[in-house]
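Subject: Structure handover

Hello,

Here is the structure we discussed. Please load it alongside this note and follow along.

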Amino acid sequence: MKILVVEDEIKLADYLAKGLAEEGFVVDVAHNGVDGLHLASELDYDLIVLDGMLPGIDGLAVLAALRQTKQTPVLMLTARGQVEDRVRGLQEGADDYLVKPFAFSELVARLHVLLRRSNGASGTSAPQAAAEATTLRLEDLELDLIRRRATRAGQRLELTAKEFSLLSLLLRRQGEVLSRTELASQVWDMNFDSETNVVEVAVRRLRVKLDLPFGRTLLHTVRGMGYVLESRTL
């Protein structure tokens with residue numbers, strides 16, 4: 001999952017980038033509104049964390065300009081905590097609003113809620129979507145995104161950080177074939193190099209933990225296209 005953090009406070013931006021990377025996100029950072037708007041407009045992100053008070057162009061102006069071309073989920077992160085400030089942010093197109101100072105765990109939880117909504121939870125009520133947003137499931141496979149725990153048939157899967165990120169991406173987009181290029185970009189933050197086998201090696205190792213002990217395959221190869229996580233009947 002790729003996320004853009006637009007924050008002019010250098011220490012806070014670095015803290016967010018480091019913390020979100022540890023949570024499995026691929027993170028880009030901009031320190032002013034001009035650079036933030038450029039990145040948000042030119043590149044594709046799964047989420048944007050946008051400070052409301054920025055040099056160059058303030059956060060609300062960035063948001064208004066972005067909404068003319070893209071509907072990327074945006075969480076406003078700002079010191080402006082008055083009701084009218086929150087209302088204005090939501091009216092301009094923000095998907096959520098978090099006031100500084102904040103708990104990092106709450107930020108992560110809110111981001112997972114936004115991810116779940118943007119990946120098809122619109123058919124559920126808002127409270128239900130929020131309650132389910134931090135857990136992903138397919139058959140007997142379950143991922144707890146907050147505690148970063150994966151289980152299948154009730155058994156804990158001991159995954160590395162990259163394996164967890166790979167599995168969470170595949171599970172969020174279950175049923176969709178993802179190419180090696182997209183996996184390399186989303187999980188490793190790298191342009192795909194046909195000479196490297198990093199994706200194949202990671203998928204092979206993940207399969208050993210995910211499928212081999214359970215006798216039923218969930219992670220499938222689509223020859224010439226990529227990989228898909230889905231239920232298949234025999």
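Which residues in α7 meet which residues in α9? From α7, they are E163, L166, L167 and L170. From α9, they are A202, V203, R205, L206, K209 and L210. Bear in mind throughout that this is a predicted model.

**Helix packing**

Helix α7 covers residues 161-172, and helix α9 covers residues 198-210. Their axes are 10 Å apart and cross at an angle of about 80°. The two helices are therefore roughly perpendicular to each other. By class, the contact of α7 with α9 holds 7 nonpolar, no polar and 3 charged residues.

Helix α9 also packs with α8, which spans residues 180-188. Here too the angle is about 80°, with the axes 10 Å apart. That makes α8 roughly perpendicular to α9. On the α8 side, R180, L183, A184 and W188 take part. They meet V198, V199, E200 and A202 in α9. This contact of α8 with α9 divides into 6 nonpolar, no polar and 2 charged residues. Look at A202 in particular: it is listed in the contact with α7, and A202 is listed again in the contact with α8.

**The parallel sheet**

What is the strand order in the open sheet of 5 strands? It runs β2-β1-β3-β4-β5, and the pairing is parallel. At the edges stand β2 (26-30) and β5 (96-99). Each has a single partner strand, so one side of each is left without a neighbour in the sheet. On average, neighbouring strands are turned by 20° against each other, direction ignored.

Inside this sheet, β1 (residues 2-6) and β3 (residues 47-51) run parallel and are joined by 4 bridges. V6 stands opposite L50 in β3. Helix α1, residues 10-22, lies across β1, β2 and β4 (74-78). Its direction is at about 170° to that of β2.

P101 sits in the loop between β5 and α5 (104-118).

**The antiparallel sheet**

An open sheet of 4 strands has the order β6-β7-β8-β9, with antiparallel pairing. Its edge strands are β6 and β9 (155-157), and each pairs on one side only. From one strand to the next, the twist averages 25°.

β6 and β7 pair in the antiparallel sense over 4 bridges. T135 stands opposite D144 in β7. Helix α7 comes back here: it packs on the sheet and touches β6, β7 and β8 (149-152). The direction of α7 makes about 115° with that of β7.

Where does E139 lie? It is in the loop between β6 (135-138) and β7 (141-144).

**The β10 and β11 hairpin**

Strands β10 (residues 219-222) and β11 (residues 226-229) run antiparallel, joined by 4 bridges. H220 stands opposite V228 in β11. The hairpin has 3 residues between the strands. In it, G224 takes a positive phi near 80°.

**Cavities**

How many cavities of 30 Å³ or more does a search of the whole structure find? There are 2.

The largest cavity holds about 80 Å³ of space. Its lining consists of M1, E23, G24, F25, H112, L145, R148, F164, S165, S168 and R172. Helix α7 gives the largest share of that lining, with 4 residues. By class, the lining has 4 nonpolar, 4 polar and 3 charged residues.

The second largest cavity holds about 40 Å³. G52, L60, M76, T78, R80, D85 and Y97 line it. That lining splits into 3 nonpolar, 2 polar and 2 charged residues.

**Where to look again**

Helix α7 ties several of these points together. It packs with α9 at about 80°.

Best wishes

Key: Residues are numbered from 1 along each chain as its sequence is written. This is a predicted model: local features need pLDDT of at least 70, side-chain atom pairs count only at pLDDT 80 or more; totals for chains, interfaces and linings use all residues. Side-chain values use heavy atoms; hydrogens and water are left out. Axes are lines fitted to C-alpha atoms, for helices over the stretch in contact, and angles run from 0 to 180 degrees between N-to-C directions. Angles under 35 degrees count as roughly parallel, over 145 as roughly antiparallel, 65 to 115 as roughly perpendicular and the rest as oblique. Contact means heavy atoms within 4.5 Å. Ala, Val, Leu, Ile, Met, Phe, Trp, Tyr, Cys and Pro count as nonpolar, Asp, Glu, Lys and Arg as charged, and the others, Gly among them, as polar. On a 1 Å grid over the protein atoms alone, a cavity is a set of points where a 1.4 Å probe fits but cannot get out, and a pocket is an open set with protein on both sides within 12 Å along at least five of seven lines; lining residues have an atom within 4 Å of a point. Grid points are joined across faces, edges and corners, and a volume is the space filled by probe spheres set on the points. Two strands pair if DSSP finds at least two bridges between them.
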